[in-house]
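Please look through the sequence and the structure shown below before reading the report that follows. It takes up a few parts of the structure in turn.

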Protein chains: 2
Amino acid sequence: MGIINLDHLSANPLLPEVQEAMVKAIKSNYGNPSSQHKIGDPASEALDGARESVARLINCVAPKEVVFTSGGTESVNHAIKGAAFANTKKGNQIVTSNIEHNAVLRSLRRLKMMDFKVTSVPVDQHGRVNPSDVEGAITDKTILVSIMHSNNEIGTLQPIKEIAQITRDKGVLFHTDAVDSVGVVPVDVQELEVDLLSFASNPFYGPTGVGGLYIRRGTKIWPILDGGVQENNKRAGTENLIGIIGMGVAAELALKHMDSRISHYKRLKDKLIKELPNFITEYYVNGHPELALPNLVSVSIKYIEGESIVLLLDEEDIAVSTRSACAAGALQASHVLLSIGRDFADAQGTLVVTFGIDNREEDVERFLVVLKDAVKTLRDISPLYPKAAQA
Amino acid sequence: MGIINLDHLSANPLLPEVQEAMVKAIKSNYGNPSSQHKIGDPASEALDGARESVARLINCVAPKEVVFTSGGTESVNHAIKGAAFANTKKGNQIVTSNIEHNAVLRSLRRLKMMDFKVTSVPVDQHGRVNPSDVEGAITDKTILVSIMHSNNEIGTLQPIKEIAQITRDKGVLFHTDAVDSVGVVPVDVQELEVDLLSFASNPFYGPTGVGGLYIRRGTKIWPILDGGVQENNKRAGTENLIGIIGMGVAAELALKHMDSRISHYKRLKDKLIKELPNFITEYYVNGHPELALPNLVSVSIKYIEGESIVLLLDEEDIAVSTRSACAAGALQASHVLLSIGRDFADAQGTLVVTFGIDNREEDVERFLVVLKDAVKTLRDISPLYPKAAQA
């Protein structure tokens, strides 16, 4: 389409190998992996193969620790609500952070309507949780801690391993929403020692509408979808086999190419951040300068509205975002940006750039040139932009 | 593969037109329908188009009454748990039947663990619910009635419209699990006057892992997947767009070809039932003789085990089932068959044949010949088979 996509968080294109596997699956007309006769055998084998590939990506002890879901949102809902409902005899308190994704936030808001209590720990100016805050928030009624692996708006990575040490010591379940990390940066469930880890296929170039939930063996959790005995009785419903096959291939490629992809992303991210001061003034780069996703840059630009910038860039065939697509319909200022200390106006003036393997350095250059003009245009008509600065 | 598929309930093959649309969607690399820039526009249009096609199939007042889900199981869980949780201020009792699908049964069993009460009404020897039993079971604490549209093991259709009159008079929400009906027989939500109706794409030759929930405007229900604002804020999570596009095309074709498909199924079903006495003795045909799915035949054969028959037929390249694939891993006798009065042994000796548009009369003929031999083989080694009959 000739559009420069700098919003890969919204949607990554499917890799050619993923496309090929999905097209083959469609044309193969697989049966039902649970059927009692041989029509289901190739389906069952394909499902097992995909599960092994995905389990390898996050280094599970056994493939059956991976439960396939309809995406990151279902995984998160399953982890949080499933753990909460299964452990009401122990308590009703859940500990989380101030900067979680809507899937976590709204799952917890739902649980609050059902007499669960939620304690949110703050983050520092880079968006990092302090593990000792988590420790301090845990009581004898705590049944679950849920802290994201990486933030989808500012990219900051959390000290998951350190938090897991605390939750294990305290005997509390720990879930991490790793939707924007798995397949992008190394995620090893054995090293992290989490009990539950949510992820999705699209962040590593698999199809949308398919994801996974890592459930450590022995974790006490209810399904949220009850019915058939699929997924080792942990998630009912006939499988989205075509999507799962695509996810399996994407997982293999993500593992194989992770280092080179990270280098590629970092080169683009570094270039953007380094050159930005030559094009615009009065802005903040959000998120931790080191401990962050390599493919995400969040910039709060003063005296402009992010939505307006997105529109002006869209007219110039450059796709960026103000925040995650999941929140695009909601007009409030980002809770993430407010939590790291941005004021309401600056939060509204934020752009999120997410790189993909298809981006080149020229895309960054073109973005910077167009951004400069767009910022000027908007500031010229902004009543908030100080006159002195215009001179 | 040269296999005669008489187990379409497990998995229908994708129609060529559905395959084509899905392959095109894969190659188009659609963006995210919720994104803020034009990369998402074709995705958003495709999503709207599929929703219109699906809404037309069940005659919604407006397309937005259709919520896309990850399949029939999610739709059922959403309807039942979502309605239950949203209406706890009114009461905690739910009315259902004895012969529901596992997705309904186990969703209700889950709710019973959370202090909801479930009242199950019986069915007659054909598997029909008596609407006055439903009426009698409703109390001032009743918040939901859930009765399936058609039964997945014996095919019996329920008096949904009559039950809906009762629930509307009483001001109680009514959900029907129509997973095996929608796209197979006419289902019109305006005529039925239900509040919630679950369905899936594969029964009408769309992909697995995608389904829909009809939610009548104004129905008080919670999402079960909380997060982003997708699906009019009723079901969070980035959409399985490729699957949804396939479902849309399948819905169009199902509406267009419904009459001819039904005639085709009926011809095969009538032939099978009419010729069966020429091949085997001592069996029951289960389900209502008239008010039933046209594509399903359930036969309980005395003195044999259904699982063994399935294996013998499988060796002869004929795929049939003893019951739904969702329950294949569970070894109990079918609750449906016990509910219509079969004893444990006869319930275990049951075969379910489900026809597809690819079946021909020769498939029925071959099935009957092979079945005859298989039944003889198994009865010869059965200690239960009366000696007199062997003479």
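## Two helices side by side

How are helix 9 of chain B and helix 13 of chain B oriented to each other? In this predicted model, the axes of helix 9 (residues 241–275) of chain B and helix 13 of chain B cross at roughly 25 degrees and come within 10 Å. Angles under 35 degrees count as roughly parallel, and helix 9 of chain B and helix 13 of chain B are therefore roughly parallel to each other. Their crossing is right-handed.

On the side of helix 9 of chain B, the contact is made by Leu268(B), Lys271(B), Leu272(B) and Glu275(B), while helix 13 of chain B brings Glu361(B), Val364(B) and Leu368(B). When the residues of this contact are sorted by class, four are nonpolar, none is polar and three are charged.

## Another partner for helix 13

Helix 13 (residues 361–380) of chain B also packs with helix 10 (residues 306–315) of chain B, at an angle of about 130 degrees and with the axes 10 Å apart. Helix 10 of chain B and helix 13 of chain B are therefore oblique to each other, and the crossing of this pair is right-handed.

Here Ser308(B), Ile309(B), Leu312(B) and Leu313(B) in helix 10 of chain B meet Val370(B), Ala374(B), Thr377(B) and Leu378(B) in helix 13 of chain B. By class, this contact has six nonpolar and two polar residues, with no charged residue.

## The seven-stranded sheet of chain B

Chain B contains an open sheet of seven strands in the order 2-8-7-6-5-3-4, and the pairing in this sheet is mixed. Strand 2 (66–69) and strand 4 (117–121) of chain B are the edge strands, each of which pairs on one side only. On average, and with direction ignored, neighbouring strands of the sheet are turned by 20 degrees against each other.

Within this sheet, strand 6 (residues 173–177) and strand 7 (residues 196–200) of chain B pair in the parallel sense over three bridges, and the bridge partner of His175(B) in strand 7 of chain B is Leu196(B). Helix 3 (residues 72–86) of chain B packs on the sheet and touches several strands, including strand 2, strand 6 and strand 7 of chain B, and the direction of this helix makes about 160 degrees with that of strand 7 of chain B. Helix 6 (residues 160–170) of chain B lies across strand 5 and strand 6 of chain B, and runs at about 160 degrees to strand 6 of chain B.

## A three-stranded sheet in chain A

In chain A, three strands form an open sheet with antiparallel pairing, in the order 9-10-12. Strand 9 (283–286) and strand 12 (350–354) of chain A stand at the edges with a single partner strand each, so one side of each is left without a neighbour in the sheet. From one strand to the next, the twist averages 20 degrees.

Strand 10 (residues 296–301) of chain A pairs with strand 12 of chain A in the antiparallel sense over five bridges, and Ser300(A) stands opposite Thr350(A) in strand 12 of chain A.

## How the two chains meet

Chain A is superposed on chain B, with an RMSD of 0.0 Å, by a rotation of 180 degrees with 0.0 Å of shift along its axis. That is the relation of a two-fold axis.

At the interface, 63 residues of chain A are in contact with 63 residues of chain B. Among the elements of chain A that give two or more residues to this side are helix 1 (16–28), helix 4 (102–112) and helix 9 (241–275) of chain A. The side of chain A that touches chain B has 25 nonpolar, 29 polar and nine charged residues. Of the interface residues of chain A, 100% are also interface residues in chain B, so the copies meet through the same surface.

Conventions:
Residues numbered from 1 in each chain as written. Chains lettered and ligands numbered in written order. Predicted model: local features only at pLDDT ≥ 70, side-chain atom pairs only at ≥ 80, totals over all residues. Pairing = 2+ DSSP bridges. Helix = DSSP H or I, 4+ residues; strand = E, 2+ residues; numbered from the N terminus. Axes fitted to C-alpha atoms, helices over the stretch in contact; angles between N-to-C directions. Least-squares fit on C-alpha atoms with pLDDT ≥ 70 in both. Contact = placed C-beta atoms within 7 Å. Nonpolar A, V, L, I, M, F, W, Y, C, P; charged D, E, K, R; others polar. Parallel < 35°, antiparallel > 145°, perpendicular 65-115°, else oblique. Left-handed = near helix turned anticlockwise from the far one by under 90°.
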